[in-house]
Amino acid sequence: MRKRIAHWSGRVGRLALYACLSSLPALAQAADEDPWEGVNRAIFRFNDTLDTYALKPVAKGYQAITPQFLEDGIHNVFGNVGDVGNLANNLLQAKFHDAGVDSSRLIFNSTFGLLGFFDVATHMGLRKSDEDFGQTLGYWGLGSGPYLVLPLLGPSTVRDAGGLIPESFFGPYPYMDHVPTRNLTRGVEAVDTRASLLSAEKMITGDKYVFLRNAYLQNREYRVKDGQVEDDF
């Protein structure tokens with residue numbers, strides 16, 4: 001019996017050691033990607049608390065009282081405005097075909113789609129791009145740098161955070177002189193964006209911070225490389 005116990009104890013020990021050793025590459029990668037995890041987690045907790053008690057309830061209320069066609073239309077309007085940034089970044093990345101599609105989307109949605117309320121371009125087969133200045137920097141070879149969590153804005157990287165300033169000039173807000181209108185529009189866009197993410201929360205498992213960090217970094221790599229990423233397996 002003692003020999004059997006010793007045998008199983010040794011086996012369990014070897015399995016535990018193997019598990020620890022096999023997790024070292026993942027831990028090392030996490031340390032490289034997120035060297036400021038302590039600060040990032042503190043900012044994440046602040047953002048998460050603000051979201052839980054302020055933004056998320058407002059988004060749920062907005063979704064509850066807004067008819068679906070109106071919610072979709074408002075979302076489409078902001079998406080139409082976002083096509084300006086898609087167009088600019090596709091030009092900066094020398095993706096001229098995609099830039100042509102973006103131009104066509106803007107023309108058709110802004111006219112036949114009533115300023116983008118109806119996304120007629122998608123129904124015409126004009127695929128929507130999803131580009132920003134952080135992706136443009138990555139396209140031309142700039143590394144992402146360490147992971148960052150920005151107050152109020154959430155997940156980012158050093159590269160993507162630096163891209164926020166030039167990216168802002170592709171949007172309407174720097175050109176809106178009427179402050180109340182600008183603030184109201186920003187608020188509606190924030191609520192619309194949060195409402196669109198409510199259903200995705202069901203996918204979050206385990207450590208919420210780690211889940212969102214990994215999802216963000218993988219998604220950014222996928223988008224920067226236009227889906228041409230290497231399989232880890």
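1. Helix α2 (residues 37–65) packs against helix α9 (residues 179–196) at an angle of about 85 degrees, the axes being 9 Å apart. The arrangement is therefore roughly perpendicular, a label given to angles of 65 to 115 degrees, while those under 35 are roughly parallel, those over 145 roughly antiparallel and the rest oblique. Axes here are lines fitted to C-alpha atoms, for helices over the stretch in contact, with angles from 0 to 180 degrees between N-to-C directions. Helices (H or I, at least four residues) and strands (E, at least two) are DSSP runs numbered from the N terminus.

2. On provenance: this is a predicted model, in which local features need pLDDT of at least 70 and side-chain atom pairs count only at pLDDT 80 or more, whereas totals for chains, interfaces and linings use all residues. Residues are numbered from 1 along each chain as its sequence is written, and side-chain values use heavy atoms, with hydrogens and water left out.

3. In the α2 and α9 packing, α2 contributes Asp51, Leu55, Lys56, Val58, Ala59, Tyr62 and Gln63, and these meet Ala190, Val191, Asp192, Arg194 and Ala195 of α9. Contact means heavy atoms within 4.5 Å. By class, the contact of α2 with α9 has seven nonpolar, one polar and four charged residues. Nonpolar covers Ala, Val, Leu, Ile, Met, Phe, Trp, Tyr, Cys and Pro; charged covers Asp, Glu, Lys and Arg; the others, Gly among them, are polar.

4. Helix α3 (residues 68–92) and helix α4 (residues 96–111) have axes that come within 8 Å and cross at roughly 160 degrees. The two are therefore roughly antiparallel. From α3 the contact takes Asn80, Asp83, Val84, Asn86, Leu87, Asn90 and Leu91, and from α4 it takes Phe96, Asp98, Ala99, Asp102, Ser103, Arg105, Leu106, Asn109 and Ser110. The residues of this contact divide into six nonpolar, six polar and four charged.

5. The aromatic pairs number six, counted where ring centres of Phe, Tyr and Trp (its six-membered ring) lie within 6.5 Å; planes under 30 degrees apart are stacked, over 60 edge-to-face and the rest tilted. Phe108 and Phe112 form a stacked pair, at 6.1 Å centre to centre with 20 degrees between the planes. Phe108 is partly exposed at 26% relative accessibility, and Phe112 is exposed at 62%. The classes are buried under 20% relative accessible area, exposed over 50% and partly exposed in between (1.4 Å probe, protein chains only). One aromatic cluster consists of Phe44, Tyr147, Tyr209 and Tyr216.

6. Gly113 lies in the loop between α4 and α5 (120–123) and is buried, at 0% relative accessibility. Apart from neighbours within four places in sequence, Gly113 is in contact with Phe108, Phe118 and Val120.

7. Two backbone entries deserve a look. Leu152, which is not a glycine, has a positive phi of about 75 degrees. Leu152 sits in the loop between β1 (147–150) and β2 (154–157) and is exposed, with a relative accessible area of 63%. Asp226, also a residue other than glycine, has a positive phi near 55 degrees. Asp226 is in the segment after α10 (208–224) and counts as partly exposed at 40% relative accessibility.
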